[in-house]
Structures are given as structure tokens and as C-alpha cells.
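User: I'd like to learn how to read a structure like this one, feature by feature. Could you walk me through it?

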Amino acid sequence: MLASISSSVLRGVDGVPVTVEVHVAGGLPAFTVVGLPDTACREARDRVRAAILSSGLRWPQQRITVNLAPSGLPKAGSGLDLPMAIGVLVASGLLERERVDDVAFLGELGLDGAVRSVAGTVPLVDALAPSTVVVAPTCQAEAAVLGRHRVRAALTLAAVVAALEGTAEWMPCPAPVGGVEGPSSWEVGDLSEVRGQPLARRAIEVAAAGGHHLLLVGPPGAGKTMLAQRLVGLLPPLDPSVALETTKVHSAAGERLPAGGLISRAPFRAPHHGSSMAALVGGGSSWLRPGEISLASGGVLFLDELAEFAPAVLDALRQPLEEGRIRLARAHGAVSFPARFLLVAASNPCPCGNAGTPQLCRCSEAARRRYRRRLSAPLLDRFDLRLGVQRPDVDRLTGQGAEEGSEAVANRVSVAREIARRRGVGANSDLSGALLDRHAALDPSGRALLADALRQHRLTARGVDRVRRVARTLADLSGEVGPLLRDEHLSVALYLRAEPEALLGAES
Ligand SMILES: [Zn+2]
């Protein structure tokens, strides 16, 4: 007899529907899986057999052939265990065919028959046509994120069969606790705690409002990490489509999702400079896991100690910074992951961090030169905002009243983002070509100001557009939304884009 069971597999961060066809016929007992299974998928044979036997169900002593269709698509992982087991039971007549009509299955099986979670439940469910999907209890919230399927769960294969037959109940779906908080709801801290750093406070507000990449250079203790963390708290909640895309990426990477299943707040990722290329940009041998740059999509990627990252890793950031996606080529074709992140980087000005205070710096000139060269000019050029930060002085830390908190600043950020949306972009950092000319127009005096900066090599050709975008955001934040940029905003934008030499010391 033949059975066809609906399921899906991951390809990158997307699900692809798969039909598990199971054929049971007379002949020598055998169990074959065809249709490009990978090792984990092929090992399903042993898990499925053991799970069926430990569930007290009969294993057909016949010739069993499983075909995973479409057969040209490589299948990775163990999520097809459950659909295979159900297929064997249907094809051998142990479970009525009508019971699995319009039902899809996703789950790994333990040898004891336990139904286990699989990574990527959100995109996997997204690919399913049937109206009901059966998953592991731990995947219920994730499976329900899309809201298009009836989600059913059971702890064991025996419990799945009993519920399908109507002799037992499905597990109740736990009510989500804590609503729809995103991973960035971990303590990111309030902006009111950043005291005595007016310029840095201004820069992170501008970065958040316009989606502008930010580089902070300063000695240890200047609060660079603290600033980067506060920045993510200023970003508005994710748009529904971005929230879903971000959730799919985190799901496909096997990351823990918030209680409600959906990531609705901007993520904050801070990979260590020792992270491998695969961990950062994505990759892996059997299944392609999204990297940190994709997990940061929709939010902030914070690279602390930028100069310590491997040059190859920093090079690999260029394409996603341009395109908002990362393409990874593999034997079975290329996949691409979203990677639209706000890049915030921090660096010491020299290996010891004290280059700003010459009497404290212990570095040799050669060491400082080597350090500077790790930060290539093309990479530094991609930061819209480049800023030196110092340790705040005691007077400023203790004096004056309270600093403005995150909520007030986030409100201004959200207004600025709304203005950008009316221009047809998510943030001013996306303005280019005709849109930039229309919404960030230059009068003769503004043009002269930029021409001067170019002539004095304070600006590169690519930098011109970046300065215009930042000036646009500065104008929006001050409530001037007319299309013409004023000199005042261009000057501040130029000031917030300090020359690398001013931050890291001149090449000598
Ligand atoms: Zn030094």
C-alpha cells in the first residue's frame, strides 16, 4: 500500500514542502529511503523503526520504501522522522488514511518514541499547505506564529496516533506568557544612564532615526558598549513583515524565540571578534545556518574591538552592507539570507587604547600603524557617523539634572522613521539616486560646502551621499522636513563624520 504524508524541509531560512511517500509491499523485509536525504535524514530509518516498536505499535515485516519528493531537492536534518513514521503506519494499514487527510507532520523521533523539536519551525510551517500541523509540544508557540494552521502537539508517537484516532486528546496549547517581547527586551538599559556624553547621545539618536552605521572610537571605559546597547532600545518595533522575516531567521538558526513566538523588537547581536566566518556571515557543512549578521537583521549588529576582527570577516560584510542580504554558494546551489542590520562598531584608537592621551599611550609607532591598517579605508568609509568618545569627566557625571531617557528619544526616532516611510524608504539611509536628489537637495551654498570638504580630502565621493543622508535625518529630527538641506545640517553631518586620521591618529 502507498501513503503520502505532507511535511517540509529547510532551504536556507525558507521552508520547502516535501511529500513523504511510503510504499509497503511483500518481499524481504527492508527499509530504504530515497530522494537525496543527508546523513541525519538517512538515519531516520533507525529512529523511525525504534520509535514505532517502543510505542507498542507493530513494525511491518515487509519491504518499505520511502521516497522524499521532490527527489531533486536535498533533505537535511531529522524533521522528517515523524512524517515517515506516520507514513509507515498508514501504508501498512495500522492507521486509517482519512486520519491524516489535510494534516502535515514535523518532528524528530527519539528511540523511545518521543516527539522532539526541530529547528526552523516557523519557516517549515509557512511552507505547509494542509490546514493542520502536528509538532513537538516545545514547538507549539513557534508553529502558531503565522496563525494560518491548526497546531496540534503530542509528547510521543503513540500519543500522536491515539489523538489522530480520536481515542486521546491533543496536548493543550500553552497560553503565551509575557506577550510578544523580543530578545532585545533583555536589559538594554536606559539612555538616562548615559551621562556627560552629549555628542555621543546625539549620534546614537541620529543613527537610530536614520538607520545610519556608526563607528565609536575611544579609550576603554568611554562607554562604547553602553552606547551601542542603548541604541537598540531607541529603535521602533519591527514592521509585521520584518518581524516575521526576523523570526524565521532566528527559528531557522535554532535560536530560542520569545514566549509569544514572534520577534517584534529589534534584535541586538554582539558577536565576539574571535567568532568564525561561518558564525558571523552564516554557513556550515550539512545545513546552512544563518550567521550573526542575519540574526541581527532588523536590528543592531555591534562589533566591539573592530580592529581585532579578521580582515576576511570584515571584507565579507561589504556585500550585505550594500545589498541587505548575504549570498552563500554551496554544492546544491546558492541560498541567500536577509542581512539588513544597523552596524555599530567600536574601536580603541590604538592597541592600548590611550592614543588620545599621548602621555598614557604605551604603544610604539609601528604598533599603532599596524593597528590602523587593520581598519581599511573602504570599511571606514561605510560608516555614516564616525565619532571619538572620551571617558566622561567627574563634573559631568555628578553635576546637572537628569539626562533625557530612552522613551522621549525613541518617540523622536519613531517620528523620523515615519517621515522616511512617507518618502518610500524604511529609513533615510536607504535614500539613493533620484530619491536622494528629491528629498536631500542641495542649494549652491550646500554644494560649495561639500565641494570644499572633497577638495580638502575630508570626504570621499561615496561619503558625499552619506553626509546628505545624515543631514536629512538631522533636519527631520529638528522638524524641518522641506526637501532642501540647510548648511547647518550639512555642517553637523560633516562634524559627526570625523576623519579616520582624527580618530586613529595620522599616518606618519
Ligand atoms: Zn596606545
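User: Let's start with the overall fold. What share of the contacts in the protein chain with a separation of 6 or more comes from residues 24 or more positions apart?

Analyst: Keep in mind that this is a predicted model. Residues 24 or more positions apart make up 73% of the contacts in the protein chain with a separation of 6 or more.

User: How many residues does the protein chain have, and what percentage count as buried?

Analyst: There are 508 residues in the protein chain, and 51% of them count as buried. The cut-off to remember is that buried means under 20% relative accessible area, while exposed means over 50%.

User: Let me try that on single residues. Is Gly12 buried or exposed?

Analyst: Gly12 has a relative accessible area of 12%, so it is buried. You'll find Gly12 in the loop between β1 (2-11) and β2 (14-25). Not counting residues up to four places away in sequence, Gly12 touches Ala252, Leu288, Val335 and Phe337. For a sense of distance, Gly12 and Asp381 lie 369 residues apart in sequence and 31 Å apart in space, C-alpha to C-alpha.

User: And Ala502: buried or exposed?

Analyst: Ala502 is exposed, because its relative accessible area is 61%. Look for Ala502 in helix α22 (residues 500-504). Between Ala502 and Val281 there are 31 Å in space, C-alpha to C-alpha, with the two 221 residues apart in sequence.

User: What about side chains that can carry charge? Where is Asp476?

Analyst: Asp476 is in helix α20. Its relative accessibility is 4%, so Asp476 counts as buried. Leaving aside neighbours within four places in sequence, Asp476 is in contact with Ile419, Arg423, Asn428 and Val481.

User: Which residues is His250 in contact with, leaving aside neighbours within four places in sequence?

Analyst: For His250 the partners are Glu255, Leu257, Ile263, Pro267, Arg269 and Leu295. His250 belongs to helix α9, and at 2% relative accessibility it counts as buried.

User: Now helix packing. How do I describe two packed helices?

Analyst: The crossing of α7 past α8 is right-handed. On the α7 side the contact is made by Ala200, Ile204, Ala207 and Ala208, and on the α8 side by Leu227, Arg230 and Leu231. Sorted by class, that contact of α7 with α8 has six nonpolar residues, no polar ones and one charged.

User: Which helices each supply at least two residues of its lining?

Analyst: α9 (240-252), α13 (318-323), α17 (406-422) and α20 (461-477) each supply at least two residues of the lining of the largest pocket. That lining divides into 13 nonpolar, ten polar and 14 charged residues.

Notes. Residues numbered from 1 in each chain as written. Predicted model: local features only at pLDDT ≥ 70, side-chain atom pairs only at ≥ 80, totals over all residues. Heavy atoms only, no water. Left-handed = near helix turned anticlockwise from the far one by under 90°. Helix = DSSP H or I, 4+ residues; strand = E, 2+ residues; numbered from the N terminus. Contact = heavy atoms within 4.5 Å. Nonpolar A, V, L, I, M, F, W, Y, C, P; charged D, E, K, R; others polar. Buried < 20%, exposed > 50% of the residue type's maximum accessible area, 1.4 Å probe, protein only.
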